[in-house]
Amino acid sequence: MRVEIVSVGDELLSGAIVNGNAAWLGETLTGAGFEVTRVAVVGDATTDIVAVVSAALWQADAVVLTGGLGPTSDDRTREALATCAGVPLVRDEVAERRVRAFYAEPGRPRMRDESLRMADAPQGAALLPNPAGSAPGLLVEIEGRPVYALPGVPAEMRAITAESVLPDLARRAGRPAAIVTRTLRTAVAYESGVAERLRPFEAGLPAGLTMAYLAAPGQVRVRLTAHGSDRTAALAELETAEAGVRGLLGDAVYGTDDDSLDRVVHRLLAERGATIAAAESLTGGMIGAALTAMPGSSATFRGGVIAYATELKARELGVPEELLAAQGAVHPDVAAAMARGVATRLGADYGVAVTGVAGPEPQDGRPVGTVHVAVSDVSDCGRDAGNTIVHSPLLAGSRADIRELTVVHALDLARRYLLGLGPFTDWEERA
C-alpha cells in the first residue's frame, strides 16, 4: 500500500522548525510495512494545500497529513480538505463537546471562541480521537482513498497515528491483524559494522518479518517488525528474531525500544544502590546533563565537576601536577585520575571522566578527535573497589560531533563497567 506524507506549515518551509513529524511518520509507516512514496511540504495557503493533497491522491493509496488543525486563522487544513472532497465545512457536535471538556479541565487556559474551530470538519469526515490534546484528527474519504489529517503537535500526532491511523491502514491493506515492533539499541559500534554482522541473518528473514537500521551519532538502532495472524503469533516471531540479532551483536546491545544510555546506567546503579559522579573537560557538562535528564536521577547521580582549564584538574580533582606537567591534560592517566578524583571528592561510588581534543586545532601535539574516557570504582563494596578502566577512541567529525560522541562513549563505558565488561572493540579486532 503506497502512502504519501504531507506536512503543512509555513514554519516548515522557512526552516524555523525541523520537520520531525515527517521523519517519525516515515519511519513508523515503513516499519509497519507500508511503502512511503513521497514526503511533501506545503505552506498554510488553502489553495496550495488543495493542490498538494490532490496531487498526492493521484499517486498514492492513502495520504497522511500533519499540521493546520489548530484554532488560529492560519490553520486551514480543514477548509482545504473540504474543498478537495467537494463538501461544506460543518461544526461537529461531538467534537465541540470534547473541545469544551478539554478546556474545562483544571489548569487549562480559558477557552476562546476561536478554539471551537477545532470542532469543524468536512461533512462526512470521521473524527479520530486525540488522547493527547484538544484537536481531533480527521479521516476524509476522497475519490475512494483515505486522507488522515493529524495535528502538528508531535505527541498528539503520534498518539493518533498509533491508535487510529495504523490500524485503519492495516485493515484497508488486508494486512494480518497484528503488527508488532521492537527496536534494539547499540552504542559505539558503527552502522556498517552492525549491518555487516547482521547481513546473513537479514538475508534469511522469513516472510512477515522486516528489519531496518536507524543511525544516530554513536548509536545504531535495529528495528524489527513482525506481522502475524494475531498478536501472540507476531510476538513469537519477533522474539525469535530478537534472540537472533542479540546473538550476533552481543554486548553492543544496551537496551530496547525507549531505553537510553543514561537510563540504563541509572538502572544499573540503582540495582546496586550506588551513585556516580562526572568529571568533564572537552564535553563541558554534557555528561552531567545526560545523567540528569531522567526524572529521579538524583538517586544515583551525585554531581559533576567541569575542569576545563588544566590547573583545575589538579586543584579540584586531585590530578597530580607532575602528571599534568609531563603528559599534558590529554592523557589516559589524566582521565583515570579525574575519574577517581571526582568520585572521591563528591562522595560517589563511581566516577566517569573525559578529557580530549574536540578541535578545531590539535592540543599538546594530540590530533583532533583524541579522547580518553575513564570509569573508576572507589566504593568499599564494589565488585572491583578501587579499579579504574580507560578507553581511548579516536573520534572523527566536527567539534560538535566529537563532543556528542564522547558522551556516548562515556555512558557506554560506565554501562559496560557496571556489567563487568571491558571497553568495546570492533568485532574484527575480536576475531
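Strands, in the sense used here, are DSSP runs of at least two residues, and they are numbered from the N terminus. In this predicted model, Asp364 lies in the loop between two such strands, β15 and β16. The phi angle of Asp364 is near 50°, a positive value in a residue other than glycine. With a relative accessibility of 48%, Asp364 counts as partly exposed, because that class lies between the limits of 20% and 50%. Pro360 is also located in the loop between β15 (350–356) and β16 (371–377). The peptide bond that leads from Gly359 to Pro360 is cis, and its omega is near 15°.

A positive phi, of about 50°, is found again at Asp257, which is not a glycine. Asp257 belongs to the loop that connects β12 with α9 (261–272). Its relative accessibility is 31%, so Asp257 counts as partly exposed.

Strand β12 is part of an open sheet of four strands, arranged in the order β10-β11-β9-β12 with antiparallel pairing. The edges of this sheet are formed by β10 (209–216) and β12 (253–256), each of which pairs on one side only. From one strand to the next, the twist averages 25°. Helix α2 (residues 20–31) packs on the sheet, where it touches β9 (178–187), β10 and β11. The direction of α2 makes about 45° with that of β11. In general, the strands of a sheet pair through backbone hydrogen bonds, in either a parallel or an antiparallel manner. Between β10 and β11 (residues 219–228), which run antiparallel, there are eight bridges. Within this pairing, Leu214 has Arg221 of β11 as its bridge partner.

A further set of antiparallel pairings involves strand β7 (residues 137–142). This strand is mostly covered, as five of its six residues are buried. Three bridges connect β7 to strand β6 (residues 126–128), and the two strands run antiparallel. Here Leu128 has Gly137 of β7 as its bridge partner. Strand β7 also pairs with β8 (residues 145–150) in the antiparallel sense, over five bridges. In that pairing, Ala149 of β8 is the bridge partner of Leu138. The hairpin of β7 and β8 has two residues between the strands, and Glu143 takes a positive phi near 55° in this hairpin.

Helix α7 comprises 13 residues (191–203). At 1.5 Å a residue, the helix should span 18 Å, and the distance of 17 Å between its end C-alpha atoms agrees with this value. The buried residues of α7 are Gly193, Val194 and Leu198.

The surroundings of Arg117 were also examined. Arg117 is situated in the loop between α5 (93–104) and β5 (120–122). A polar atom of the Arg117 side chain lies 2.5 Å from the backbone oxygen of Thr72. When residues up to four places away in sequence are not counted, Arg117 touches Gly70, Pro71, Thr72, Ser73, Asp75, Arg78, Glu79 and Arg91.

Conventions: Residues are numbered from 1 along each chain as its sequence is written. This is a predicted model: local features need pLDDT of at least 70, side-chain atom pairs count only at pLDDT 80 or more; totals for chains, interfaces and linings use all residues. Side-chain values use heavy atoms; hydrogens and water are left out. The expected span of a helix is 1.5 Å times one less than its number of residues. Buried means under 20% relative accessible area, exposed over 50%, partly exposed in between (1.4 Å probe, protein chains only). Two strands pair if DSSP finds at least two bridges between them. Axes are lines fitted to C-alpha atoms, for helices over the stretch in contact, and angles run from 0 to 180 degrees between N-to-C directions. Contact means heavy atoms within 4.5 Å. A polar contact is a pair of N or O atoms within 3.5 Å; within protein, one must be able to donate a hydrogen and the other to accept it, and residues adjacent in sequence count only if both atoms are side-chain atoms.
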